[in-house]
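Here is a friendly briefing on how the side chains pack in this model. Take a look at the structure first, then read on for the core and the aromatic rings.

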Amino acid sequence: MLKKIIIAFSVSLAVLMPVTASANLPESPARGVILLDADTGTVLYEKNADERLPTASMSKVMTAYIVFEALKAGRLTLDTKVPVSEHAWRQEGSRTYLELGSQVRVEDLIKGMVIQSGNDAAVALAEAVGGTEAGFASMATARAQELGMTNSSFANASGMPDPKHYSTARDLATLTLHVIREYPEYYKYDSEREWTYNNIRQYNRNPLLSMNIGADGVKTGHTDESGYSLIGSAVQNGRRLILVVMGLPDAQARADESARLMQWGFASTGVYPLLKAGQVLDNAAVWMGAQASVPLMVKDDVSMTLTREARSALKAEVVLQEPVPAPVVAGQQMGVVRLTAPGLETKEYPLYAQADVAELGFLSQLTAKAHYMFLGGGD
């Protein structure tokens, strides 16, 4: 028998969601958007999030990720000197003003790429890791696939226009989460507002860093082909949101829209603790067991990121097949608890037996079967 039981939540909205903004968000003018909660992975807003679009300098987040991997593996150090090739030196677009033939520390190249968005610094790093920029691009494309960025391809290290160089808002958010989680010691460079190299003062182009909204990264991008784009990350009260906007018409629109979406995300959504580890949600009937039922629990705390409207309509169902034949072992998966809310992807979490239930002895089984046949066997 398939069993479904609706669970009522007793969590107080007033305690968990002290907000005033409406959860109704007008559609973004950006060509591609995704806004997600970094801790729960919940997508708060998206528009064309899987459309392949040119990435411009946002590609440098992948260049940085692969360099960070090389640092962790010991193939590079922050003090490693990297030669500036003619190919790196001749890069067009934004520059760190590296000198041809000079030897530049990896840390300085990272800062030049992340803060100033220097194409020359990005290519110099790519050559240090991949031998050539083309070799590095192949590495980047392969690594993207391994990270689950299935709609991404890299043809260079800087994001210069190329038909084979593209990504999506969702893929770039995935990449950003990997950088922040795996390399916090290097991600810190993204929050630096300015940097001076060769007596040239260079400024971070990320407009969110100066808006007092908790922003600590990540990267802007612009070419004529891509429009104005941004990957943003911000933390408020210990909660991190990741934002990607792509294809806006100008720098001001990029700044305004990025701030609007980020502020909406913090104001109109919250993380709700819903289920506690070890909490008994239901009891499953046990067939031929020493006990007639076994309590069911979740093993881990369950939280969800929700708008106020979705929270008020949230439903939880226990779904299992019962009776469950004895013996039952504590920790055995028995079913799932299914959480649903309007406009959100259904989430399911395993339910486990909280205790052992031994099988009835032979004589007891005969008695139980006889009782079932004569008294409870109706259909």
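**Packing at a glance**

The largest nonpolar core has 59 residues, and Met62 and Ile110 are the ones that touch the most other members. Helix α2, spanning residues 60-73, is the top contributor to this core, with nine residues. Please keep in mind that this is a predicted model.

**Nonpolar cores**

- Leaving aside residues up to four places away in sequence, Ile110 is in contact with Val67, Phe68, Leu71, Leu78, Ile115, Leu125 and Tyr189.
- There is also a second, separate core, made up of 27 residues, with Leu274, Leu275, Ala310 and Val337 among them.
- As general background, nonpolar side chains in soluble globular proteins tend to be buried together.

**Aromatic rings**

- Across the whole structure, a search turns up five aromatic pairs.
- One of these aromatic pairs joins Tyr65 and Tyr183 in an edge-to-face arrangement, with 5.6 Å centre to centre and 75° between the planes.
- Because Tyr65 belongs to helix α2 while Tyr183 sits in the loop between α7 (169-182) and α8 (184-187), this pair ties together parts that are 118 residues apart in sequence.
- Both Tyr65 and Tyr183 are buried.
- Tyr65 and Tyr183 also belong to a cluster with Phe68 and Tyr186, linked by ring pairs.

**A charge over a ring**

- Lys299 places its charged end over the ring of Tyr352, at 4.2 Å from the ring centre.

How values were computed. Residues numbered from 1 in each chain as written. Predicted model: local features only at pLDDT ≥ 70, side-chain atom pairs only at ≥ 80, totals over all residues. Heavy atoms only, no water. Core = buried A, V, L, I, M, F, W, Y, C linked by side-chain atoms within 4.5 Å. Buried < 20%, exposed > 50% of the residue type's maximum accessible area, 1.4 Å probe, protein only. Helix = DSSP H or I, 4+ residues; strand = E, 2+ residues; numbered from the N terminus. Contact = heavy atoms within 4.5 Å. Phe/Tyr/Trp six-rings, centres within 6.5 Å; stacked < 30°, edge-to-face > 60°. Lys NZ or Arg CZ within 6 Å of the ring centre and 35° of its normal.
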